[in-house]
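Student: Please show me the structure, and then let us go through how its parts are arranged.

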Amino acid sequence: MKKVLILSSSPRRGGNSDTLCDAFMEGAIANGNEVEKIFLRDKTIHPCLGCSTCSLHKKPCPQKDDAAEIINKMLQADVIVMGTPVYFYSMSAQMKTLIDRCCGPYTEMKNKEFYFIATAAEDDAKIMDRIVTSFSGFLDCLENPAVKGTVFCGGVWHVGEIKGKPAIQEAYQMGMKV
């Protein structure tokens, strides 16, 4: 059994990328894993101030928001799933803001397995390469991360357009493999 943390960065509950996160979660639970999903929209996460309190002085971030709790869960997890809608060929602002707040504690994120989930209005599978490259900038700073899988669904923009798409089953099956 692994401890799985799903970070859903859709600004819409039940949005297309959030739906894929739910499918992954169902598969991971069905395979006996401990799973928690955090819907970033429900959290208050301020942008990094660049104050160096965490990175240079090794002290907790002075900002009083939900980032420290989420980052602690990332540190405790064996598996981190990062789900995002694609906005202008990149991850959502919610996801990027959380990643930026990992500035100090990222050195403690070791030996994590990562899965990436993304949806986009444009139906071009090459978009996922751009998303993985963006996430890789974060992973390149970690010790021994492993990308274990990705799921992309293009051609979905408005809520619910993902219904009936094969990517839902792909996300479920990927969750089953954890």
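Tutor: E3, H3 and E4 form a β-α-β unit, and the unit is right-handed. A crossover has that hand if, with the strands pointing away from the viewer, the path from the first strand over the helix to the second runs clockwise. Helices (H or I, at least four residues) and strands (E, at least two) are DSSP runs, numbered from the N terminus. The model is a predicted one, in which local features need pLDDT of at least 70 and side-chain atom pairs count only at pLDDT 80 or more, while totals for chains, interfaces and linings use all residues. Residues are numbered from 1 along each chain as its sequence is written, and side-chain values use heavy atoms, with hydrogens and water left out.

Student: Through which helix does the chain cross from E4 to E5?

Tutor: E4 and strand E5 (residues 146-154) run parallel and are joined by eight bridges. The β-α-β crossover between them is right-handed, and its helix, residues 126-139, is H4.

Student: Over how many bridges do E3 and E4 pair?

Tutor: Two strands pair if DSSP finds at least two bridges between them. Strand E3 (residues 79-85) pairs with E4 in the parallel sense, and the number of bridges is seven.

Student: Which residue of E5 is the bridge partner of phenylalanine 114?

Tutor: Phenylalanine 114 points from E4 to one side, along with Phe116, Ala118 and Ala120. Its bridge partner in E5 is valine 147.

Student: How many residues of E4 are buried?

Tutor: Buried means under 20% relative accessible area, exposed over 50%, and partly exposed in between (1.4 Å probe, protein chains only). In a regular strand the side chains alternate between the two faces of the sheet. In E4, Glu113, Tyr115, Ile117 and Thr119 point one way and Phe114, Phe116, Ala118 and Ala120 the other, and all are buried. Of the eight residues of E4, the number buried is eight.

Student: How many residues apart in sequence are the parts that glutamate 113 and lysine 2 tie together?

Tutor: Their side chains form a salt bridge with an N to O distance of 2.8 Å; the term stands for a side-chain nitrogen of Lys or Arg within 4 Å of a carboxyl oxygen of Asp or Glu. Glutamate 113 is buried at 16% relative accessibility, whereas lysine 2 is partly exposed at 28%. Because glutamate 113 lies in strand E4 (residues 113-120) and lysine 2 in the segment before strand E1 (3-8), the separation of the parts is 111 residues.

Student: What distance separates the closest N and O atoms of glutamate 36 and lysine 73?

Tutor: Glutamate 36 is partly exposed, with a relative accessible area of 32%, and lysine 73 is also partly exposed, at 25%. The salt bridge between glutamate 36 and lysine 73 has its closest N and O atoms apart by 2.6 Å. The pair links strand E2 (residues 34-39), which holds glutamate 36, to the helix that holds lysine 73, namely H2 (residues 67-76).

Student: Why are lysine 96 and aspartate 100 separated by about one helical turn?

Tutor: An α-helix has 3.6 residues a turn, so residues three or four places apart point the same way. Lysine 96 and aspartate 100 form a salt bridge with closest N and O atoms 2.5 Å apart. The separation is about one turn because the two lie in helix H3 (residues 93-100) at a spacing of four residues.

Student: What arc do the buried residues Ala67, Ile70, Ile71, Met74 and Leu75 cover around the axis of H2?

Tutor: In H2, the residues Ala67, Ile70, Ile71, Met74 and Leu75 are buried. The arc is that of the directions from the helix axis to the C-beta atoms. They lie on the same side of H2 because the arc is only 145°.

Student: Which residue has its backbone nitrogen 2.9 Å from a polar atom of the side chain of aspartate 18?

Tutor: Aspartate 18 is placed in helix H1 (residues 16-30) and is buried at 2% relative accessibility. Leaving aside neighbours within four places in sequence, its contacts (heavy atoms within 4.5 Å) include Ser8, Arg12 and Lys37. The backbone nitrogen at 2.9 Å from the side chain of aspartate 18 belongs to glycine 14.

Key
Polar contact = N/O pair within 3.5 Å; in protein donor to acceptor, adjacent residues only side chain to side chain.
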